[in-house]
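Subject: Structure handover

Hi,

Here is the structure for you to look through. Please open it first, then read my notes below.

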Amino acid sequence: MTNTATNIETRKQAVSDVISKYLLAVKTWDEKSFRDTFHPKANIQHYYVKGDEVKTITLDEFVASIGSLHGKFDNAEEKAREIEVHIVDHLASVRVAFSFVMGPRTMDGQDLFNLAFCKGEWKIIHKSYYL
């Protein structure tokens, strides 16, 4: 990959498009689109602020977790307030400051995504977050 300014901006836009697809899939709960944003071997880590601990889960467990929120609430949506994308060759790092709406509750948090350019597509390979 060449690192011209145009090429970097094109790659940043492609990464942003994956994150936008992820956010829309969470809002509408489109499980297929949601899964499509991730590499099948991706892992997810949730930092629990109150317990000061980290829980690592698989993609399947994360899918079940988001699906259960949609089963529990009429609305479950991650609303991005700020998105920051950094590109390093075939890898990308994305920080998303968000508000997560679940029924009447709203919680603020941060996502840290790592993406890799695999087989011609950007895929989320790791997500760390806290609420």
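Start with the inside; note that this is a predicted model. The largest nonpolar core has 32 residues. Tyr22, Phe34, Phe38, Phe62 and Leu115 touch the most other members. Several elements supply at least two core residues each, including helix H1 (5-28), helix H3 (59-72) and strand E5 (105-118). H1 gives the largest share, with seven residues. As background, nonpolar side chains in soluble globular proteins tend to be buried together.

Take Leu115 as an example. Leaving out residues up to four places away in sequence, Leu115 touches residues that include Val15, Val18, Ile19, Trp122 and Ile125.

Now the overall fold. The protein chain has three helices and six strands. From the N terminus, the order is α-α-β-β-α-β-β-β-β. The radius of gyration is 15 Å, close to the 14 Å that the globule rule gives for 131 residues, so the chain is as compact as a globular protein of that length. The C-alpha atoms fill a box of roughly 45 × 30 × 25 Å along the principal axes. Of the 131 residues, 37% count as buried.

Next, the charges. Side chains of opposite charge can pair when their charged atoms come close. The whole structure holds ten salt bridges. Which residue forms a salt bridge with Glu78? The partner is Lys127, with the closest N and O atoms 3.8 Å apart. This pair links distant parts of the chain: Lys127 is in strand E6 and Glu78 in strand E3, 49 residues apart. Are these two residues buried or exposed? Lys127 is buried, at 2% relative accessible area. Glu78 is buried as well, at 5%.

Lys127 also meets Asp111 in a salt bridge, at 3.0 Å from N to O. Asp111 lies in strand E5 and Lys127 in strand E6, so this pair ties together parts 16 residues apart in sequence. Both Asp111 and Lys127 are buried. Elsewhere, salt bridges that share partners join Glu31, Arg35 and Asp60 into one network.

One more pair: Arg95 and Glu84 form a salt bridge, with the closest N and O atoms 3.1 Å apart. Arg95 is in strand E4 and Glu84 in strand E3, so parts eleven residues apart in sequence are tied together. Glu84 is partly exposed, at 30% relative accessibility.

Last, the surface. Tyr47, Val49, Val54 and Tyr130 form a nonpolar patch there, with about 340 Å² of accessible area together. Val54 is in strand E2 (residues 53-58). Its relative accessible area is 52%, so Val54 counts as exposed.

Best wishes

Methods:
Residues are numbered from 1 along each chain as its sequence is written. This is a predicted model: local features need pLDDT of at least 70, side-chain atom pairs count only at pLDDT 80 or more; totals for chains, interfaces and linings use all residues. Side-chain values use heavy atoms; hydrogens and water are left out. A nonpolar core is a set of buried Ala, Val, Leu, Ile, Met, Phe, Trp, Tyr and Cys residues joined through side-chain atoms within 4.5 Å. Buried means under 20% relative accessible area, exposed over 50%, partly exposed in between (1.4 Å probe, protein chains only). Helices (H or I, at least four residues) and strands (E, at least two) are DSSP runs, numbered from the N terminus. Contact means heavy atoms within 4.5 Å. Patches are made of residues with over 30% relative accessible area and no salt bridge: like charges are joined within 9 Å, nonpolar side chains (Val, Leu, Ile, Met, Phe, Trp, Tyr) within 5 Å. Accessible areas come from the Shrake-Rupley method with a 1.4 Å probe; for residues, only the protein chains shown count as cover. A salt bridge is a side-chain nitrogen of Lys or Arg within 4 Å of a carboxyl oxygen of Asp or Glu. The radius of gyration is taken over C-alpha atoms; the globule rule is 2.2 Å times the number of residues to the power 0.38.
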